[in-house]
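Q: I am new to this structure. Please show me how to read its features, one at a time.

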Amino acid sequence: MGGMETTHSADHGIQAGWIWLNGTWLPQEEAKVSVLSHALHYGSSAFEGIRAYETPSGPAVFRLGDHLKRLAGSAKILRMELPVSLEVLSEVACEVVRRNGYRSCYIRPLLFRGAHSLGVNPLPVPTELMVAAWNWGAYLGEGATSGIKAVTSSWIRSPGHVLPTKSKAGGNYVNSSLAKADAVSAGFDEAILLDAEGYVAEGSGENVFFVRQGRLHAIAHSVTLIGITRDTVLWLAGQLGVPVEVVMATRDELYLADEVFVAGTAAEVTPLVSLDFRPIGDGKVGPVTQALRAAYLDLVRGRRQAPQGWLTHV
């Protein structure tokens, strides 16, 4: 990825430069919140992960409007008020790229409940808003091209009547963090979570796809977040003439697939070469995954024609 690191930013400490916090631009070291913030104690926050890429016409944010609409939807589900309009937030997202001089970067808007009271009831606590950006390379490292090894997690994805799965809520990600930590500790790159009925749900932060006999199978939303990258992959499949079916699948169906990959803003399109110690297909990245990954990277980098509004130049 042009101008981006190849390691996890978190491994070396995030360097975010200028951060927008509640209407004020601050250097990272001055962007502070109270340790009594409601979000810190109870996970009462919502966020988005957005990528900007270097294109032939300069840096551009991919599907910015769709990401911000999803943030507004998360806020609605969580009964939180966005303190600014989506138009203002869009400009802030572009400005964080410009102000920090990025050519490519990851953008993180975060809506959270601040310090007011620490009763569980969130409604008296006002919402605050932060936007930051930093260099972030391939989220899953070298496996982004060569393929990763995944394991089915012992943690299940929380069902919709337990947590609001269509909201990108901070509290939801305790589930993901536990699954990811266990997978990495066991020597794997990523975790695949099942739902309460035993069907494949998603990765710790990605949607799941598999290919059998040339047909792309997208895991149905069920308890998963409605993925913007997932939607992009399905659009690209149509452009490439790859037939698509939306399915519920058990994990052994992934074992028998010719190809499996995960997709998300951070992970982009990342192939799996094994799951639960079993090789996927011949244990190499398959042709459909390769084609979709290449098309996706061309799309976000402005080398393939994108639908109107998908690239916001900063």
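**Reading the model**

Q: Which residues is Ser146 in contact with, leaving aside its neighbours within four places in sequence?
A: Contact means heavy atoms within 4.5 Å. With those neighbours set aside, Ser146 is in contact with Val273 and Val285. Ser146 lies in helix H5, residues 143-146. Helices (H or I, at least four residues) and strands (E, at least two) are DSSP runs, numbered from the N terminus.

Q: Is Ser146 buried, exposed or partly exposed?
A: Buried means under 20% relative accessible area, exposed over 50%, and partly exposed in between, with a 1.4 Å probe and protein chains only. Ser146 has 47% relative accessibility and counts as partly exposed. For a distance, take Ser146 and Gly203: they are 57 residues apart in sequence, and 18 Å apart in space, C-alpha to C-alpha.

Q: What kind of model is this, and what are its ground rules?
A: The model is predicted: local features need pLDDT of at least 70, side-chain atom pairs count only at pLDDT 80 or more, and totals for chains, interfaces and linings use all residues. Residues are numbered from 1 along each chain as its sequence is written, and side-chain values use heavy atoms, with hydrogens and water left out.

Q: What is the mean pLDDT of the protein chain?
A: pLDDT is the predictor's confidence in each residue, from 0 to 100. The protein chain has a mean of 94, and 96% of its residues reach 70 or more. Over residues 1-10 the pLDDT is below 50. That stretch has 33 contacts in the model beyond near neighbours in sequence. Where pLDDT is low, predicted coordinates should not be read in detail.

Q: How many disulfides does a search of the whole structure find?
A: A disulfide is a covalent bond between the sulfur atoms of two cysteines. The cut-off here is a pair of cysteine sulfur atoms within 2.5 Å. The search of the whole structure finds zero.

Q: Where is Arg98, and is it buried or partly exposed?
A: Arg98 is found in helix H4. Arg98 is partly exposed, at 35% relative accessible area. Not counting residues up to four places away in sequence, Arg98 touches Glu91 and Val314. Arg98 and Val314 are 216 residues apart in sequence, yet 6.8 Å apart in space, C-alpha to C-alpha.

Q: What is the phi of Arg79, and what is that of Asp276?
A: Most residues other than glycine have a negative phi. Arg79 is not a glycine, but has a positive phi of about 60°. Arg79 lies in the loop between helix H3 (64-77) and H4, and is exposed at 59% relative accessibility. Phi of Asp276 is near 55°, also a positive value. Asp276 lies in the loop between strand E15 (268-275) and strand E16 (278-279), and is buried at 8% relative accessible area.

Q: Which residues line the largest cavity?
A: On a 1 Å grid over the protein atoms alone, a cavity is a set of points where a 1.4 Å probe fits but cannot get out; a pocket is an open set with protein on both sides within 12 Å along at least five of seven lines; lining residues have an atom within 4 Å of a point. The lining of the largest cavity is Arg51, Tyr53, Phe62, His67, Ile228, Thr229, Thr265 and Tyr296. Strand E4 (50-55) and helix H7 (228-240) are the elements that give two or more residues to this lining.
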